[in-house]
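Visitor: I would like a close look at one part of this structure, please. Could you walk me through a single chain and the way its pieces fit together?

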Amino acid sequence: MKENPYQPWLATIDSICDEVGGQRAIKTFRLVFQDEKVREKFTFLPGQCVMVSLFGKGECFFAISSSPTQKGFIEVSVLKLGKVTSALHECEPGDVVGVRGPYGNHFDVSGWMGKNLVLIGGGIGQAPLRSLIKYVVDNRKQYGKLDIIYGARTSKDLCYTKDFAELKTCEDTNACLSIDVKEDGWSDFVGFVPDNLMRVNPSPKNAIAVTCGPPIMIKYVIQNLGKLGFSEDQIFTTLEMRMKCGIGKCGRCNIGNLYVCKDGPVFSYKQLQNIKGEQ
Amino acid sequence: MEKYILLKNKLPEWINMITPTYTIFAPVKEEDLVFFKPITKPSEMTLAYSNAIVPPKAQMFHQTETMFTFTQGKNIRVNPASLPDEKIVVFGIRPCDAKSLSIIDPVFTNDFEDPYYLTKRKNAILVGLSCNQPTVNCFCTSLNGSPASPEHLDILLTDIGDKYYVELNSEKGKQLVEKTKKLFTPATDADSKKKKDVEKKAVDAITRQMKINNVDAFVKKLDTIFDAPYWKTIAMKCLGCGACTYLCPTCHCFDIQDETTLDKGARIRVWDSCMRPEYTLHASGHNPRPERMNRVRNRVYHKYNYYPKNHQMIACVGCGRCIDNCPVNIDIIDVITKAGEVKP
């Protein structure tokens with residue numbers, strides 16, 4: 001018998017970054033596995049997820065928001081919403097959590113080499129894209145043009161502002177931010193993410209578009225990508241569902257015959273068109 | 001396949017001989033219901049039963065199970081639960097219930113082996129008893145099953161009058177009989193014929209039929225009627241009680257919860273049911289299956305569409321429990337048979 005897939009490894013919260021405050025607070029937790037062997041053997045690719053335990057509270061499934069090119073730790077970005085995420089937001093550096101994974105499929109980073117990438121995110125949906133962006137930036141020569149389109153309701157709701165400050169100085173990266181409503185001192189785009197996409201107007205030629213964010217945003221982003229000439233198999237997204245096991249057994253995260261934990265979370269739009277099931 | 005005869009009056013002796021080595025789960029009557037329970041002597045069990053109310057999958061996949069314990073506070077430690085190494089015999093399991101275990105095996109095996117289920121499954125010997133008198137809602141024959149099939153069992157006993165016809169269908173089965181060989185005599189051709197006659201009689205006694213002529217065609221048919229109003233009609237009388245899922249031998253869904261005292265805790269897994277709205281409810285409030293229709297349809301599709309797509313088999317054995325125990329008479333035979341007639 002292999003090792004018990006339900007038993008998490010212990011990890012210490014190394015640092016916590018407050019991304020967004022207020023009612024819908026978001027924090028990024030940097031987690032370091034306590035066991036050095038686990039630290040070495042834990043490998044993943046952008047898009048993959050982990051099940052994070054807060055002992056006594058429960059487990060939640062999060063996209064890994066750091067890149068595999070960053071060694072020694074993983075990061076997860078957590079929106080404070082339910083029982084476990086609220087308790088996580090109470091944690092401090094030095095606290096111990098459980099981690100098991102990595103789970104699910106990933107962005108096809110090897111198949112996409114040489115292609116232009118258009119990455120469109122909204123709110124906390126940027127988490128899996130952040131992993132992909134870091135990965136592409138760290139392997140910059142292997143990919144074509146990189147357009148990053150990211151938006152939130154207000155400037156205070158934008159995650160990863162430090163990352164974006166750096167990205168804006170990268171010459172070969174086009175990072176375009178947006179907020180929904182006008183604010184004093186905001187010099188980037190004002191409006192919804194799908195509109196910012198039309199303004200940026202990326203070419204579908206030799207391109208892959210990935211969009212993660214709230215369902216309503218994804219809906220209009222996909223419509224607009226269609227208008228720009230992107231075909232169904234050039235568009236990818238990630239999905240989320242309530243989960244318990246993360247390994248395709250507990251039953252609840254299915255969309256049709258596919259399990260988001262195991263067969264996802266990354267799906268092509270073409271795949272989604274063909275699944276009959278509730279999302 | 002090796003075939004033997006065990007005289008009925010030798011059965012208690014056989015059970016007594018294997019009791020020191022194995023924990024024996026057998027059908028035990030409690031008031032009007034039959035349950036699989038551990039027995040210490042043969043007289044505790046009943047063999048005059050149609051089927052147990054709770055399927056014996058519960059012996060491999062416990063209704064409640066501690067996955068591990070942990071200490072809380074500053075020095076968190078995770079203590080693995082000890083996996084049981086007891087050898088068990090599930091005695092008197094029906095061929096349909098044995099098949100259900102073969103059906104759910106791939107769920108617990110796939111890329112991540114489930115140690116809780118697989119340890120118990122590997123330590124279990126299934127000694128089946130043919131179903132000589134199928135009940136009114138039995139329909140195993142509609143799903144390529146037979147009330148006297150040894151296919152998914154280690155050993156099958158068939159009552160052929162004053163003796164049991166014993167078929168050994170696996171190494172595990174052979175080994176169990178090998179140790180107690182003196183009780184068994186080789187079966188004759190006449191005994192084999194008797195078994196066939198008993199099986200035919202039992203098959204003929206199954207009066208209800210679920211109409212799925214071709215599994216692939218039916219799976220495709222369901223793909224075309226996902227949005228049909230039919231499912232709303234079916235779901236209208238459902239109460240969402242979940243009895244169909246709890247008593248189904250192929251339902252494998254579970255929930256994971258932490259239970260704690262001040263400084264100690266345990267991670268527990270418990271059976272769950274897709275008939276509950278909380279089952280899929282996101283923390284955001286979004287629920288992908290908000291209506292009872294969504295949940296009823298998901299149950300039917302999981303068994304007759306999703307499961308065949310993923311594992312090339314229908315996740316139903318025709319035991320009839322969901323029909324027998326539905327408080328509002330939702331009848332899966334009717335649901336499926338009529339679904340075949342729904343226009344896309």
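Let us take chain B. Among contacts in chain B between residues at least 6 apart in sequence, what percentage join residues at least 24 apart?

Guide: Happy to. Please keep in mind that this is a predicted model. The answer to your opening question is 71%: that share of the contacts in chain B between residues at least 6 apart in sequence joins residues at least 24 apart. Chain B has 344 residues, and 41% of them count as buried. Its C-alpha trace spans about 65 × 60 × 40 Å along the principal axes. A compact globule of 344 residues would have a radius of gyration near 20 Å, and the 22 Å of chain B agrees with that.

In secondary structure, chain B comes to 11 helices and 12 strands. One open sheet holds 8 strands in the order 3-2-6-7-8-9-1-10, with mixed pairing. Strand 3 (33–39) and strand 10 (184–186) are its edge strands, and each of them pairs on one side only. From one strand to the next in this sheet, the twist averages 30°. Within the order you will find strand 8 (residues 155–159) and strand 9 (residues 163–168), which pair in the antiparallel sense over 5 bridges. To see that pairing on your screen, look for Ile155(B), which stands opposite Leu168(B) in strand 9.

Another open sheet of chain B has 4 strands in the order 5-4-12-11, with antiparallel pairing. Strand 5 and strand 11 stand at its edges with a single partner strand each, so one side of each is left without a neighbour in the sheet. Here the twist averages 25° from one strand to the next. Strand 11 is joined to strand 12 (residues 264–271) by 7 bridges, and the two run antiparallel. One pair to pick out is Gln257(B) with its bridge partner in strand 12, Ile268(B).

Now for the domains. The domain assignment of chain B gives domain 1 as 2–60 + 77–205 and domain 2 as 215–339. Taken over C-alpha atoms, their centres are separated by 27 Å. Where the two touch, 21 residues of domain 1 are in contact with 16 residues of domain 2. The domain 1 side of that contact divides into 12 nonpolar, 6 polar and 3 charged residues.

That leaves the side facing the partner chain.

How values were computed
Residues are numbered from 1 along each chain as its sequence is written. Chains are lettered from A and ligands numbered from 1 in the order in which they are written. This is a predicted model: local features need pLDDT of at least 70, side-chain atom pairs count only at pLDDT 80 or more; totals for chains, interfaces and linings use all residues. Domain bounds come from an automatic or database domain assignment. Two residues are in contact if their C-beta atoms, placed from the backbone, lie within 7 Å. Ala, Val, Leu, Ile, Met, Phe, Trp, Tyr, Cys and Pro count as nonpolar, Asp, Glu, Lys and Arg as charged, and the others, Gly among them, as polar. The radius of gyration is taken over C-alpha atoms; the globule rule is 2.2 Å times the number of residues to the power 0.38. A residue is buried if 20 or more other C-beta atoms lie within 10 Å of its own, exposed if 12 or fewer, and partly exposed in between; C-beta atoms are placed from the backbone. Two strands pair if DSSP finds at least two bridges between them. Axes are lines fitted to C-alpha atoms, for helices over the stretch in contact, and angles run from 0 to 180 degrees between N-to-C directions.
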